[in-house]
Amino acid sequence: MTNLLSYAASTAPMTGETENGDQYLVKQSPHSVLIAIADGLGHGEEASIAAKKAMQVLNDTHGESLIDLVHLCHTALEATRGSVLMLAHTQADCSVVWLGIGNILGIHWSSKDQGKSTLLASQGGVVGFQLPHLRTGQFTAEPGDTLIFATDGIFEQFIEYQPNPHSSPQVIANHIFKTYRNTNDDALVLVLRWMTTYDG
Ligand SMILES: [Mn+2]
């Protein structure tokens, strides 16, 4: 199912830092894709360690539920300063389960319905420090739809932007990053597009 999604990210550490506390993972499996972004608390090396740890844990897993994945990350990050996290799991039928913890954002743009957008609002908490009672959200995407994950280094006003459904994920990611980036924090935007055909 390597062609279920096309995706691209645009990211950079805050001005003056070399280590990036914002990290992402897109892990393709035979029947699903795991999507994740993490924003380690603060910035600099310690933030980067926390966020990279979360991505490493997720990369080493095999089909666990999102709630189980968050618990695994939580345990692994207890020795770090912690991270906020947005996760989604999409299957060959374009169904999506998602879960967000802390100040981090997702948005689903429909390619139909005049580009109707649906916010994926996260729950309070910090992975590695304090978890809320975890709950997942669900929706079914259509081929051509766009999903965007962003850390708080991207100003939230980006959700008012209407991406051209014919623009590539890289073009959209670069535009959002250039237009809405807060240079006083690490920043990351990850853009995913369900393909109109795939080899599932
Ligand atoms: Mn941040």
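I start with glutamine 123, which counts as buried because its relative accessibility is 7%; buried means under 20% relative accessible area, exposed over 50%, and partly exposed in between, with a 1.4 Å probe and protein chains only. This is a predicted model, where local features need pLDDT of at least 70, side-chain atom pairs count only at pLDDT 80 or more, and totals for chains, interfaces and linings use all residues. Residues are numbered from 1 along each chain as its sequence is written, and side-chain values use heavy atoms, with hydrogens and water left out.

Glutamine 123 sits in the loop between strand 7 (117-121) and strand 8 (137-140). Strands (E, at least two residues) and helices (H or I, at least four) are DSSP runs, numbered from the N terminus. Beyond its neighbours within four places in sequence, glutamine 123 has contacts (heavy atoms within 4.5 Å) that include Leu99, Ile101, Pro132 and Arg135.

Next, the metal. The manganese ion has Asp39 (OD), Asp152 (OD) and Asp185 (OD) as protein donors, at 2.1 to 2.3 Å. Donors are N, O and S atoms within 2.8 Å of the metal (3.2 Å for Na, K and Ca); water is not among the atoms, so sites may look incomplete. Along the chain the donor spacing is D-x112-D-x32-D. Aspartate 39, in strand 3 (residues 32-40), and aspartate 185, in the loop between helix 3 (169-180) and strand 10 (187-194), are 146 residues apart. Both of these aspartates are buried.

Last, strand 2 (residues 22-28): five of its seven residues are buried, so the rest of the structure largely encloses it. Strand 2 runs antiparallel to strand 3, with seven bridges; pairing requires at least two DSSP bridges between two strands. A three-residue hairpin connects them, and valine 26 stands opposite isoleucine 35 of strand 3.
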